[in-house]
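Hi there,

Here is the structure I promised to pass on. Have a look at it first, and my notes follow below.

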Amino acid sequence: MMEDLNIGPEEKNASGLGRWFEGPVPRLFLMPAILILALTALIGLNKELLPAPAAVQPPLRPSGQEAGQGTTQAYLEPGELLRLGTRYHEDAVHKIVDQKSVFQGSLILVNQKQRLPEDYQAEQLRVINDWIDTLPPEALIVSKAGTMLNQTASDALDQMIRAAADEGIGGFTLVSGYRSVAYQRELFEKKIQKYMTEGLDRESAEQETKEIVAVPGESEHHTGLAMDLPSQEHLTLETSYGTTINGKWLAENAWRHGFIIRYPENKTGITGISFEPWHLRYVGYPHSELMQREGWCMEEYIQILRQNRGLTAKTEDGTIWQIDYQIPENGMIVIPLIVGTKSSGDGLGGYIVTAPVYRPAQ
Ligand SMILES: [Zn+2]
């Protein structure tokens with residue numbers, strides 16, 4: 001889930017720009033300011049040099065290059081819907097972050113290369129059965145009593161299931177939500193033991209197990225932000241789910257509610273996971289819309305944010321979002337004082353700060 005802003009008075013930066021340079025951590029503010037000045041100059045320069053805005057997907061960060069480098073990349077999408085790089089904040093506050101908070105928020109990346117720490121604890125879990133009764137009949141079935149999801153993700157699921165029901169689509173079945181690392185370890189170990197009783201040695205048994213069971217700490221289900229959502233008509237977790245009415249509806253509409261199809265068919269080389277049309281991941285809005293629209297899987301999206309220190313984008317509803325990628329300095333990140341701003345760790349050491357800098361008149 002997105003972490004709501006909760007900033008104590010002592011963290012508040014007294015006021016305006018003048019104070020920023022006198023504050024206890026002037027570097028924190030100077031750095032972005034200098035970066036932005038440089039960026040503004042470069043963007044201006046690029047505009048003059050380039051004959052026309054190039055609508056190309058930015059190259060992913062070359063291996064070995066540190067996050068935050070490559071910030072001179074700036075381009076405009078047709079209609080100026082997306083611009084890479086960060087902007088300058090007029091008013092901002094500090095937020096203290098630590099080793100734990102980098103694994104908090106709706107944008108944490110979990111995969112075979114980015115495992116969760118041993119002491120990881122999912123945030124704000126909620127039992128689905130507690131609220132499912134308020135949904136239209138048969139709109140959502142939970143196959144196991146006590147299944148939990150992150151609170152924000154579960155609110156988004158509620159909204160999404162209602163929207164589907166409004167269009168006459170029901171029978172979604174939640175077969176898997178939150179799974180603890182300990183439970184995953186149990187599943188994993190059970191499978192190893194089974195293979196060993198069949199005559200395999202420990203090492204081969206482990207290899208075989210890895211083929212079908214996620215390694216503890218490497219499953220997105222540990223976060224409570226992921227779920228498997230087949231339907232009553234297609235309960236098996238097979239790629240053909242993507243061709244059913246429910247599967248198609250999810251692929252076309254889940255982003256409206258902050259979800260993505262986490263393992264798309266054309267990105268298996270990047271995600272390392274085969275196409276799973278039933279596996280949804282909550283990332284929150286507007287990120288879900290941007291990933292869907294630009295055709296980025298989550299690995300690509302996070303990498304683009306890291307590489308460019310963020311981006312500015314306009315969503316379908318006309319809102320302009322400034323999405324900053326920040327590496328903490330002196331254990332702090334900078335949060336603009338804009339209503340609706342949210343922040344999330346990425347699980348890699350950085351923070352994604354999402355601010356609606358412009359909202360169209362209603
Ligand atoms: Zn799954």
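How many helices and strands does the secondary structure of the chain come to? The count is nine helices and 14 strands. Please keep in mind that this is a predicted model.

First, the chain as a whole. Of its 362 residues, 50% are buried. If you take contacts between residues at least 6 apart in sequence, 70% of them join residues at least 24 apart. The accessible surface is about 17,500 Å², and carbon and sulfur atoms account for 52% of that.

The zinc ion has three protein donors, H221 through NE2, D228 through OD and H279 through ND1, at 2.1 to 2.2 Å from the ion. Along the sequence, these donor residues follow the spacing H-x6-D-x50-H. H221 and D228 are both buried.

Next, the inside of the protein. In soluble globular proteins, nonpolar side chains tend to be buried together. Here the largest nonpolar core has 42 residues, and L140, L157, M160, F172 and L229 have the most contacts inside it. Several elements each supply at least two residues of this core, including the strands β4 (140-142), β6 (172-174) and β14 (351-358) and the helices α3 (151-166) and α6 (245-253). The largest share, six residues, comes from α3.

At its start, a side-chain oxygen of N150 comes to within 2.8 Å of the backbone nitrogen of T152. The buried residues in α3 include A153, A156, L157, M160, I161 and A164, and also S154 and D158. An α-helix has 3.6 residues a turn, so residues three or four places apart point the same way. The length of α3 works out as well: at 1.5 Å a residue, its 16 residues should span 22 Å, and the C-alpha atoms at its ends are 23 Å apart, which agrees. After α3 comes G168, with a positive phi near 80°.

Happy to go through any of this with you.

Best wishes

How values were computed. Residues numbered from 1 in each chain as written. Heavy atoms only, no water. Core = buried A, V, L, I, M, F, W, Y, C linked by side-chain atoms within 4.5 Å. Buried < 20%, exposed > 50% of the residue type's maximum accessible area, 1.4 Å probe, protein only. Helix = DSSP H or I, 4+ residues; strand = E, 2+ residues; numbered from the N terminus. Donors = N, O, S within 2.8 Å, 3.2 Å for Na, K, Ca; no water. Contact = heavy atoms within 4.5 Å. Areas by Shrake-Rupley, 256 points an atom, 1.4 Å probe, with all protein chains shown as cover. Expected span 1.5 Å × (residues − 1). Polar contact = N/O pair within 3.5 Å; in protein donor to acceptor, adjacent residues only side chain to side chain.
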